[in-house]
Amino acid sequence: CILLLDKKGLIISINHAFANGFGYEQDELSGKYLSIIFTDEDIKKGKPENEIQRVLKHGQGEDNNFLVRKDKSNTWVSGECILVKNEKGSVRILKVIQDINTQKQSEEQVDLLDQFNKKILTSIEDGVAVVDNDLNIINSNNAFDSLFKINKKDGKNINFVELLQPVTGEL
């Protein structure tokens with residue numbers, strides 16, 4: 001998605017991808033301040049103004065944050081602003097937006113599953129280890145670590161088969 005802004009942060013034009021993704025038509029945004037697509041929380045923090053000032057000062061800027069569609073739903077985006085000057089000295093700001101909401105939701109789901117798995121591991125009193133296809137230990141609980149005298153602080157990757165060799169003398 002692309003927005004073209006003047007140096008004050010007023011929207012000059014949008015492309016079709018922005019119109020499709022955010023539900024606005026060109027005439028609804030033309031002349032409106034950039035904050036129209038920011039969350040109320042980010043507006044209170046001064047993010048639209050900071051973004052404009054950063055690009056005017058440094059020539060570019062990038063960030064990840066929520067933006068608001070016309071229907072008031074939020075979407076997580078990665079954005080970049082680039083200062084553009086033409087041969088007449090006219091200054092414009094090109095704002096390129098990539099909707100990465102699905103990626104953010106996937107990351108949040110992975111984090112929730114990871115937290116859930118950690119709770120399960122800590123609640124089991126017997127020794128438990130989670131291993132990958134190569135039998136490398138991905139995670140283990142305290143009972144397992146105590147049984148095999150594993151020190152997680154050293155950050156060393158341990159293979160389950162290597163743990164068993166001193167115990168059984170085989171494998």
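Colleague: Why is Cys81 called buried?

Modeller: Cys81 has a relative accessible area of 1%. Buried means under 20% relative accessible area, exposed means over 50%, and partly exposed is in between (1.4 Å probe, protein chains only). Cys81 therefore counts as buried. This is a predicted model, in which local features need pLDDT of at least 70 and side-chain atom pairs count only at pLDDT 80 or more, while totals for chains, interfaces and linings use all residues. Residues are numbered from 1 along each chain as its sequence is written, and side-chain values use heavy atoms, leaving out hydrogens and water.

Colleague: What makes Cys1 partly exposed?

Modeller: Its relative accessible area is 22%.

Colleague: What makes a set of residues a nonpolar core?

Modeller: The set consists of buried Ala, Val, Leu, Ile, Met, Phe, Trp, Tyr and Cys residues joined through side-chain atoms within 4.5 Å. The largest one here has 19 residues, and Leu3, Phe18, Ile37 and Ile97 have the most contacts inside it. Among the elements that give two or more residues to this core are strand S1 (2-6), helix H1 (16-22) and strand S5 (91-99). Helices (H or I, at least four residues) and strands (E, at least two) are DSSP runs, numbered from the N terminus. H1 gives the most to this core, with three residues. Another core, of six residues, lies apart from it and includes Phe144 and Phe148.

Colleague: Why is the aromatic pair of Phe144 and Phe148 called tilted?

Modeller: Rings of Phe, Tyr and Trp (its six-membered ring) pair if their centres lie within 6.5 Å; planes under 30 degrees apart count as stacked, over 60 as edge-to-face and the rest as tilted. Phe144 and Phe148 are 4.7 Å apart centre to centre, with 40° between the planes. The angle falls in neither outer class, so the pair is tilted.

Colleague: Which class does the pair of Phe144 and Phe160 belong to?

Modeller: The centres are 6.2 Å apart and the planes 25° apart, so this pair is stacked. Phe144 lies in helix H6 (residues 142-147) and Phe160 in helix H7 (residues 160-168), so the pair ties together parts that are 16 residues apart in sequence.
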